[in-house]
Amino acid sequence: MTATRLQPSLTTMILQHLNILHYKNISSASLDFSPKLNGLIGNNGAGKTNLLDAVYFLSFCRSAFNPADSQVMQHDADFFMVDGRYLDELGQSEAVSCGMKRGQPKQFKRNQKKYKRLSDHIGFIPLIFVSPSDVALIESGSDERRRLLDVVIAQYDHTYIEALAAYNRALQQRNALLKMEDEPNPDIMEIWEREMAEKGEYIFKLRSAFVDEFIPVFQEIYRQISSDSESVSLRYVSHCQRGPLLEVIQRDRFRDRAVGYSLHGIHRDDLEMMLGGYAMRREGSQGQNKTYVLALKLAQFEFLKRTSSSTTPLLLLDDIFDKLDARRVERIVELVSGDRYGQIFISDTNRDHLDSILQRGATDYKLFTVEDGEITERVHPHV
């Protein structure tokens, strides 16, 4: 991260209208949104998260939850479609759409023009999605924490996406050689190791710069939510910290051959999460874990506002108040009610939380009821 990447002015990208067909349990929806706050009220399993996931799809070209695109298509449907119309602060309209027929590749378009590479779209509509599944950042393995790094950095630096893709290709090729019954050609092995080392050290540099700048932003937001009652920290751990990555990869080649895969490289990086100097996964209560993850995501939001695109991200908050005490709920309401955020989508089973936010001065808002995949706007909400 360099100082030249930070921009003084911010732009906005507002999702004005969304069409959905056959996306998970949403058979059909055509919705107009508020440029500020959009509340989704409904029981668990009603489809609130699926609607938010469709918005996520238009930013990241994929679902936040389903690794295969075909998994978001309704079982009895032959296709799915998500289409969004966005508006920037200059009044320029942008149309982003994705469609997929069963058994065929998805089509992703901006203003009716198909992307040659989906990576070219990432970062155009920056977005932060906070959901209950984010607790996996604390409880699961390092894959989830690396993904947190990747999702943010990829939205402001396309060279990162390209380097990560090249690294993963080299890693797959090296692993294929390691699994061979016959002894692999050492010259070919070294080609892929050098590619891993070159791209890996570049990725490490970007991740390190991001973490260094991200930590104080995260700590400040956690302090605000917790009323300064706990101290938190993050520590980036990488094999690149042991010396030149090529040497680190090659010194255990014999052991890698025995297990059949690469034991060293940036694909093993981790982000250690600490509470009061101890591992968060062992120390945190449910409420502290949720606060920690929420602070991570809101810090991502603040960070993306200041990076190369200088576009205020969309903020998607899915059922964030569960397992939190009244004081923390109050602090979160204060945070998201302020002017620092742009367009917000927030879901909850309990309308009282949304009413609290609206009473704090959300001048422009819409409320929607979600029930069994049917989404209905409350035309004249009473708060």
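User: How are H3 and H9 oriented to each other: roughly parallel or roughly antiparallel?

Analyst: Two packed helices are described by the angle between their axes and the distance between the axes. In this predicted model, local features need pLDDT of at least 70, side-chain atom pairs count only at pLDDT 80 or more, and totals for chains, interfaces and linings use all residues. Residues are numbered from 1 along each chain as its sequence is written, and side-chain values use heavy atoms, leaving out hydrogens and water. Helix H3 (residues 142-156) packs with helix H9 (residues 286-305) at about 15 degrees, the axes being 11 Å apart. H3 and H9 are therefore roughly parallel (angles under 35 degrees).

User: Which residues of H3 and H9 meet?

Analyst: Leu148, Val152, Gln155 and Tyr156 in H3 meet Leu296, Gln300, Phe303 and Leu304 in H9, where contact means heavy atoms within 4.5 Å. By class, this contact of H3 with H9 has 6 nonpolar, 2 polar and no charged residues.

User: In what order do the strands S9, S10 and S11 form the open sheet?

Analyst: Strands of a sheet pair through backbone hydrogen bonds, either parallel or antiparallel. Here 3 strands form an open sheet in the order S9-S10-S11, with antiparallel pairing (strands pair if DSSP finds at least two bridges between them). S9 (232-237) and S11 (278-279) are the edge strands; each has a single partner strand, so one side of each lacks a neighbour in the sheet. Strand S10 (residues 270-275) pairs with S11 over 2 bridges, and Met274 stands opposite Ala279 in S11.

User: Which helix packs on the sheet?

Analyst: Helix H5 (residues 186-226) does, touching S9 and S10; the direction of H5 makes about 175 degrees with that of S9.

Technical notes:
Axes are lines fitted to C-alpha atoms, for helices over the stretch in contact, and angles run from 0 to 180 degrees between N-to-C directions. Helices (H or I, at least four residues) and strands (E, at least two) are DSSP runs, numbered from the N terminus. Angles under 35 degrees count as roughly parallel, over 145 as roughly antiparallel, 65 to 115 as roughly perpendicular and the rest as oblique. Ala, Val, Leu, Ile, Met, Phe, Trp, Tyr, Cys and Pro count as nonpolar, Asp, Glu, Lys and Arg as charged, and the others, Gly among them, as polar.
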